[in-house]
Amino acid sequence: MTTVLTADHGAVRVLTLHRPQSRNALGRELIEELYGALDAADTDETVRAIVLTGTDPAFCAGVDLKQAQALGMEYFEKFRSHNCITKTGELRTPIIGAINGATFTGGLEMALGCDFLIASERAIFADTHARVGILPGGGMTARLPQVVGAAMARRLSMTGEIVDATRAERLGLVTEVVAHDTLLNRALELAGQIAEVPEPTMAGLKEIYTRGTAPLIAPALAAEQQIAGAQTRDFDGLGDRYQAVAQRNRGQIGG
């Protein structure tokens, strides 16, 4: 079964993470397929905008900690060649995140790489890296401060607290909250507006924004990768710690 669904709507390509039984956690197959799908969309000249979303009930629960516990560094090696988490922030094609549900940890890092996010009323967000004993390595500490401010980013990462859609809009994490059933249509509407802009103009606009934030984001990314990469990861009990966090959040993530 494919773990990424692809659908074209004119010049807009919709990519849907499709591991609903695992809340779209980044298993090894999904990592590889999503990276390939993002790369293919970015190099397809007929694709003028991308919408990234998930199969309900979640957008992305982040790293598949069960696989991480079982495979250890072998699991994380997959990100060296197919880093779908950081890939969203490297695309030349505009990408909108249509956040349909729970978006945690690596899933949040992946969402933050999009040009902007819109959210269903059911969306919730959390950075639970610290709560399960992992340092962020996919851009959290570089990108989150750019959208919510430095102090709030530190608070969210240090506490692991859950942010609902209404608060996420207030913080600037998402640009708009819509009824769940209208999320994809609204994302397609916005992506269609982007696709109507002449390609050279849109390419230049995206490059300007990218270059403008690079002096802040690039050093933060380098520091994050250096420190996270040097940390000795203890995977013993990782699944248990993840389950404990999930149990505490169960009432809010609906499972």
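Start by selecting Ala 98, which stands opposite Ile 118 in strand 7. This is a predicted model, in which local features need pLDDT of at least 70, side-chain atom pairs count only at pLDDT 80 or more, and totals for chains, interfaces and linings use all residues. Residues are numbered from 1 along each chain as its sequence is written, and side-chain values use heavy atoms, with hydrogens and water left out.

**Stop 1: strand 5**

Now select residues 95–99, which make up strand 5. Strands here are DSSP runs of E with at least two residues, helices are runs of H or I with at least four, and the numbering goes from the N terminus. Is strand 5 mostly covered or mostly open? Strand 5 is mostly covered, since five of its five residues are buried. Buried means under 20% relative accessible area, exposed means over 50%, and partly exposed lies in between (1.4 Å probe, protein chains only). Show the side chains and look at both faces: Ile 95, Gly 97 and Ile 99 are buried on one side, and Ile 96 and Ala 98 are buried on the other.

**Stop 2: the whole sheet**

Strand 5 and strand 7 run parallel and are joined by four bridges. Strand 3 also runs parallel to strand 5, with three bridges between them, and here Leu 52 stands opposite Gly 97. Two strands count as paired if DSSP finds at least two bridges between them.

Next, select residues 12–17 for strand 2 and residues 49–54 for strand 3; six bridges join these parallel strands. Within this pair, Leu 17 stands opposite Gly 54.

In which order do the six strands of the open sheet come? The order is 1-2-3-5-7-10, with mixed pairing. At the edges are strand 1 (4–9) and strand 10 (177–178), each of which pairs on one side only.

**Stop 3: two helices on the sheet**

Select residues 28–43 to bring up helix 1, which packs on the sheet and touches strand 1, strand 2, strand 3 and strand 5. The direction of helix 1 makes about 175° with that of strand 2. Such angles run from 0 to 180 degrees between N-to-C directions, with axes as lines fitted to C-alpha atoms, for helices over the stretch in contact.

Then select residues 183–196, helix 9, which lies across strand 1, strand 2, strand 3, strand 5, strand 7 and strand 10. Helix 9 runs at about 160° to strand 7.

**Stop 4: the cores**

A nonpolar core is a set of buried Ala, Val, Leu, Ile, Met, Phe, Trp, Tyr and Cys residues joined through side-chain atoms within 4.5 Å. Select Leu 26, Leu 34, Leu 52 and Phe 125: they have the most contacts inside the largest nonpolar core, which has 49 residues. Helix 1 gives the most to this core, with six residues.

Go back to Leu 52 and ask which residues it is in contact with, leaving aside its neighbours within four places in sequence. Among them are Leu 15, Leu 34, Phe 59, Ile 95, Met 110 and Cys 114; contact means heavy atoms within 4.5 Å. Cys 114 counts as buried, at 7% relative accessibility.

A second, separate core has 16 residues, including Val 12, Val 14, Ile 118 and Leu 188.

**Stop 5: cysteines**

How many disulfides does a search of the whole structure find? The search finds zero, a disulfide being a pair of cysteine sulfur atoms within 2.5 Å. Select Cys 84 and Cys 60: the sulfur of Cys 60 is the nearest cysteine sulfur to Cys 84, at 7.4 Å. Cys 84 is buried, with a relative accessible area of 0%.

**Stop 6: salt bridges**

A salt bridge is a side-chain nitrogen of Lys or Arg within 4 Å of a carboxyl oxygen of Asp or Glu, and by this rule the count comes to 13. Select Arg 186, which meets Glu 176 in a salt bridge at 3.0 Å, N to O. Arg 186 is in helix 9, while Glu 176 is in the loop between helix 8 (165–171) and strand 10.

Arg 186 also forms a salt bridge with Glu 189, with the closest N and O atoms 3.1 Å apart. These two are separated by about one helical turn because they are three residues apart in helix 9.

Finish with Asp 8, Arg 13 and Asp 44, which are linked in a network of salt bridges.
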